[in-house]
Amino acid sequence: MLDIKDKFLSEKELVTEMLDKSKFLGEKSINNNASEIIQLCRKNKSDRTMLDAFLNEYGLDNQEGVALMCLAESVLRIPDKKTRDLIISEKLSAGSWIDHLNRADSIFVNASTWGLLLAGKVVNTPSEWSDDPYNFLSGLISKSGEMPIRNAVLAAMQILSQEFVIGKDFRDIEKLSNLENESYSFDMLGEAARTMRQADNYFNAYMNAIDEVGKLNLIKNLNNGVSIKISALHPRYEMRKFKDLESELIPRLIELVHYAHSKDVEITIDAEEQDRLTLSLNIIEKLALDKVIKNWTGFGIALQAYGKRSINVIHWINKILDKREKMHLRLVKGAYWDYEIKHAQVFGYEDYPVYSKKSLTDISFLLCAKEILKNEKIYAKFATHNAHTISSVHQLGQGKDYEFQRLYGMGELLYQSAEKVLNLEKKPSVYAPIGSYKDLLPYLVRRLLENGANSSFINREKSISAHKKNKINAESIYVNRDEKEKVGQKVYSIANNEEIGTAIFDDPTNVKSALENFASEKWSKYSVQERSQILIKISDDIEKDPSELIFYLLNEAGKTIQNAIDEIREAIDFLRYYSRQIIEIHGKKSLQGPTGEINKISYSPKGNYLCISPWNFPVAILIGQISAALACGNNVVVKPSENTSILGYLIVKKFHENGVPIETLQLILGDGMYGDVLTKVNTIHGVAFTGSLPTAKKIQTNLIQHHKEIVPLIAETGGINAMIVDSSALLEQVTDDVVRSAFDSAGQRCSALRVLCIQEEIYDELIEMIKGNMEIQEIGDPNNFSTDIGPIINKHALQKLNDYIKGCKDQGMEVHNCNNSLKETHMSPTIIEIDNISAIQEEQFGPILHVMKYKFDDMNSVINQINESGYGLTMGIHTRIESRADFIGEKSNVGNIYINRDMVGAVVGSQPFGGIGLSGSGFKAGGPNYLLQFLNEKVISKNSVAFGGNTELLNLQEDL
Ligand code: FDA
């Protein structure tokens, strides 16, 4: 199998070898033939398919192209007229359609440009539009009678879609005029399955496809095949669900290939995301060596050349082929390049799994082609629309048996030209999607985008569980501590109830007297650079081996493995971000003033900061708070939540080990009562707190009543966070984002989604998808790699959540939850239907999602309800209508707004995090202004004339 270290190999290392092996590209005929093919295409461009012509004129590099793509992808799926009108209106008023008029040679493109231009003229009235879009549009519609614009655009979009898709079902295929002359691989359009029901539907669709293609082949003596996307056949096609896949997915795939074998319908397994590559090879090996099809040559797979492991995959196939009959291999460059790059960035991978330069993908394709052609047991199918690639493969494949492949509706002219220039013997086979407009979206977008332009966890799991044996005895660490305080409480894993250590809470009176009148200037004497370097050292230390922290995140805080890894990354980001930022802040800051006067601003630490952090992010939030305070030169007293004392202790020890003096960073373990005591200690100059609103209020009261100075409070509290979904949204994506936002971490995030507002036309369909997806969430022990949702933090919290649900049921609300056979520490994701957001009085800190239906015309009322809650932390918006997203964003009093994505997991530096109103005070964590709250500012104005004249002015006069 593949070696994980090859996934992220550095491009620099790979390039030298690649260049060395690709010397054959120096062959002159390759370039000459490629130019000839291109020239021939240019000469005969009137023969292009409509689609090729269209793509030539409208690409991603112009605003109109983008508007069209957005229209095409969404307009056919939107169920209600009003939302459709809105999106048409928005996209058409954005473009400069006139620029395209008569520039394109195709009649089709020109006709559509005329149509779009006329439509744009009618719709383009920006001021009325922005004042009241809905009214304006309804006025326009009534003026123009039957809404001819909408109908015209819908018709144009349908024509465009037909160009990409062969038909809605197999009845349409029979009508194809050139069916006998070309060989096809049919693909069923659709997104990856999100629910078991969808997976069942895709399975049936594939069975049907095999059946129909089998009949067609038989009647017409053809050799067409079917392409299968594994992700369509199971909603959890992920490495960590391998056990489930063994019993739920593999038997299905085997059934499909057996059926295809019985009908002699060729099967190709499509290539998908790089994170799934090892998993898919694992599955493919089982299929390839299955005894029924071992000697059948109709089985094959697709391989993406943009992956850094593509050559390794060919070596792997060579080994498989020692044990079975011939297979076919479709070589593609890869359709998910943009996704792979973003995904690697979001997850902080050490490098990209794909090449970052297009030229390297091109070379890799050819090196793979060379390797494939060496093995006669592989029948190669080269899938490309690139003239140079075709010409190079032709050169490499002299005397070998292989074929080219193209996509339906594209590349016809290219291959006609190539046939002439290269004397190709075989016509290219055609990859042909079948499906309804509704399923067209993802495929269409992929093609258009293209035109423009963790198995390591398994190894980590071992080192994590090694910490089971080392029980940690956590205790407070502060100057003048009475060492006799040694009676600790045992701490048990909330994941599996095993003993994981002890925690000692000191006598609070002793704590108070030790801290009262405490002062130390040691840390503030370190230079900014020294402080910053120490923080960076801590981040490197955590990064090098986070396994102990991960073990306690799983067992003390109940985090899943992925959540724990994400949290460690966030903590590291905080350390690095603040340590860099403090250096910038301390750079010399001269202010403006009249000539002869020097004004300088400087920063100094506030003194002693108290940091009180929560259990739900016991590593990231704690480290975020203390690293900010320390970067600024403050002393810190930190009190972690009583639920996560061991983690607090481990972190503070790490800071000490890496050079932060004990008197600079002191740790007090204890519950809320200790927090109350600490906020009254007379030496506190500031408090950073994350937790509930009532506790923040108590702290504020203590600071007023017990301190002479006005002690600042940075408070991050919770929210009743909403997401608004309109009927133009892509429901599969909404489902993923809702389930993650509401139920990940068992909903125990302050940013979690609490109320989902859905436009009525899509309400039932979306709710059904969300419920289906909830059912496949695995709830259990987070030490298991496959667990999606861990426990609730403690019995008291669980009881509170269950009481709330019971109360809702008693009031007659509709409540849905799916998993009843749970351990007593866990809770099933729950949906509660409500009519108005005011039904939610306070934040429920668990996996409870309220859902609410709204009418198209009631958007303002929904926004008002959200604002009236008084909370303002996070918000989600799902719509393809940009002006609507902007409108909702502007009108909502919320700190963090996420559009067309999930609403949790803010990234330090990219999405500074924090709310307004009841959700918090102060600048956002992980943002450009956070550190300023931990500093005093001083301004010195110096009259330089008094120190010996104003040379600046004198010099100026000389110049005059
Ligand atoms: P071209 O020469 O224009 O290359 C574009 C490719 O370069 C893009 O695919 C992208 O991956 C890559 N690229 C762009 N910018 C880059 C950069 N900065 N650095 C590195 N690489 C960059 N895809 C898939 O993933 N799984 C599949 O199963 C299939 N199946 C399939 C069947 C058939 C018959 C065809 C024709 C195509 C596919 N595809 C696919 C899609 C295929 O991956 C896609 O069409 C090709 O990438 C287009 O390659 P060309 O050689 O035509 O284009």
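Reply: A cavity here is a set of grid points where a 1.4 Å probe fits but cannot get out, and a residue counts as lining when it has an atom within 4 Å of a point. The model is predicted. Its largest cavity holds about 150 Å³ of space. The lining comprises 17 residues, and those nearest the centre are Ala271, Glu272, Leu277, Ser280 and Ala302. Two elements each give two or more residues to this lining, namely helix H14 (277–288) and strand S4 (299–304). Leu277 and Ser280 belong to the span of H14, and Ala302 to that of S4. By class, the lining of the largest cavity consists of 10 nonpolar, three polar and four charged residues.

The second largest cavity has a volume of about 100 Å³. Part of its lining comes from Ala557, Gly558, Lys559, Thr560 and Asn563. Trp615 and Asn616 also line this cavity, together with Ser745, Ala746 and Gln748, and with Gly790 and Pro791. Seven polar residues, four nonpolar ones and one charged residue make up this lining.

Around the largest cavity 10 residues are nonpolar and three are polar, whereas around the second largest cavity four are nonpolar and seven are polar.

Terms used. Residues are numbered from 1 along each chain as its sequence is written. This is a predicted model: local features need pLDDT of at least 70, side-chain atom pairs count only at pLDDT 80 or more; totals for chains, interfaces and linings use all residues. Side-chain values use heavy atoms; hydrogens and water are left out. On a 1 Å grid over the protein atoms alone, a cavity is a set of points where a 1.4 Å probe fits but cannot get out, and a pocket is an open set with protein on both sides within 12 Å along at least five of seven lines; lining residues have an atom within 4 Å of a point. Grid points are joined across faces, edges and corners, and a volume is the space filled by probe spheres set on the points. Helices (H or I, at least four residues) and strands (E, at least two) are DSSP runs, numbered from the N terminus. Ala, Val, Leu, Ile, Met, Phe, Trp, Tyr, Cys and Pro count as nonpolar, Asp, Glu, Lys and Arg as charged, and the others, Gly among them, as polar.
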